[in-house]
Amino acid sequence: VFYFPTIKGRVFNGMTFEPVSDIRISITHQGKPVRMVDSRWPNPYSVVGNTPGTYLFWPKAISASAVGVDRDFEFSLEIDDPRFEPFSHYFSVPIRSEAPQLSRAFIRDYTVSDLFLLPRGAGDNDMQLNPEDSDNP
């Protein structure tokens with residue numbers, strides 16, 4: 001069985017560096033929403049004011065062909081909010097399959113690097129988000 005770690009991270013406004021609240025973030029695998037371990041772990045996850053910028057997922061375990069199989073699982077975090085530019089972040093989690101267990105005493109965490117959202121129109125009005133991309137010296 002491939003037992004997934006909890007997947008956690010933080011989301012910030014890329015202009016102010018403040019934690020973002022009142023957004024929904026989804027986790028997908030192969031373009032489809034990832035099923036969570038149970039209904040207490042939502043996907044999409046709502047980032048709220050009492051935990052600004054913080055999200056947490058716990059994907060449901062899936063079967064493996066044998067014990068000891070190594071596999072990289074590729075995921076995407078998706079945010080589509082009218083206040084920010086559409087955002088996707090891709091990452092992979094290496095996992096080794098284990099023997100089935102009735103309960104797990106130890107659950108690992110996988111921390112995604114901090115994510116930075118750009119407000120819609122942030123690059124308008126000749127504002128350069130990356131001055132090195134300029135054609136003008």
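Tutor: The largest pocket has a volume of about 240 Å³, where a pocket, on a 1 Å grid over the protein atoms alone, is an open set of points at which a 1.4 Å probe fits, with protein on both sides within 12 Å along at least five of seven lines. The grid points are joined across faces, edges and corners, and the volume is the space filled by probe spheres set on them. Of the 13 residues that line this pocket, the closest to its centre are His29, Pro33, Val34, Arg35 and Ile62, a lining residue being one with an atom within 4 Å of a point. Strand E3 (32-33) and strand E6 each supply at least two residues of that lining.

This is a predicted model, in which local features need pLDDT of at least 70, side-chain atom pairs count only at pLDDT 80 or more, and totals for chains, interfaces and linings use all residues. Residues are numbered from 1 along each chain as its sequence is written, and side-chain values use heavy atoms, with hydrogens and water left out.

Of its 137 residues, 33% count as buried, meaning under 20% relative accessible area with a 1.4 Å probe and protein chains only, whereas exposed means over 50% and partly exposed lies in between.

The largest nonpolar core has 28 residues, of which Val11, Ile25, Ile27, Tyr55, Phe57, Phe75 and Leu77 touch the most other members; such a core is a set of buried Ala, Val, Leu, Ile, Met, Phe, Trp, Tyr and Cys residues joined through side-chain atoms within 4.5 Å. Among the strands that each supply at least two residues of this core are E1, E2 (23-29) and E6 (70-79). Leaving aside neighbours within four places in sequence, phenylalanine 57 is in contact with residues including Ile25, Ile27, Trp41 and Leu77, contact meaning heavy atoms within 4.5 Å. Thr6 is another of the residues that phenylalanine 57 contacts, and threonine 6, in strand E1 (residues 6-13), is buried with a relative accessible area of 7%.

Asparagine 13 is also found in strand E1 and counts as buried at 14% relative accessibility. The side chain of asparagine 13 reaches the backbone nitrogen of threonine 16 at 3.2 Å.

In the loop between E1 and E2 lies phenylalanine 17, which counts as exposed at 54% relative accessibility and has a positive phi of about 65 degrees although it is not a glycine. Aspartate 22 lies in the loop between E1 and E2 as well; aspartate 22 counts as exposed at 58% relative accessibility, and its phi, near 60 degrees, is positive in a residue other than glycine. A cis peptide bond, with omega about 15 degrees, joins asparagine 43 and proline 44, and proline 44 lies in the loop between E3 and E4. These backbone details deserve a second look because most residues other than glycine have a negative phi, and most peptide bonds are trans.

Notes:
Helices (H or I, at least four residues) and strands (E, at least two) are DSSP runs, numbered from the N terminus. A polar contact is a pair of N or O atoms within 3.5 Å; within protein, one must be able to donate a hydrogen and the other to accept it, and residues adjacent in sequence count only if both atoms are side-chain atoms.
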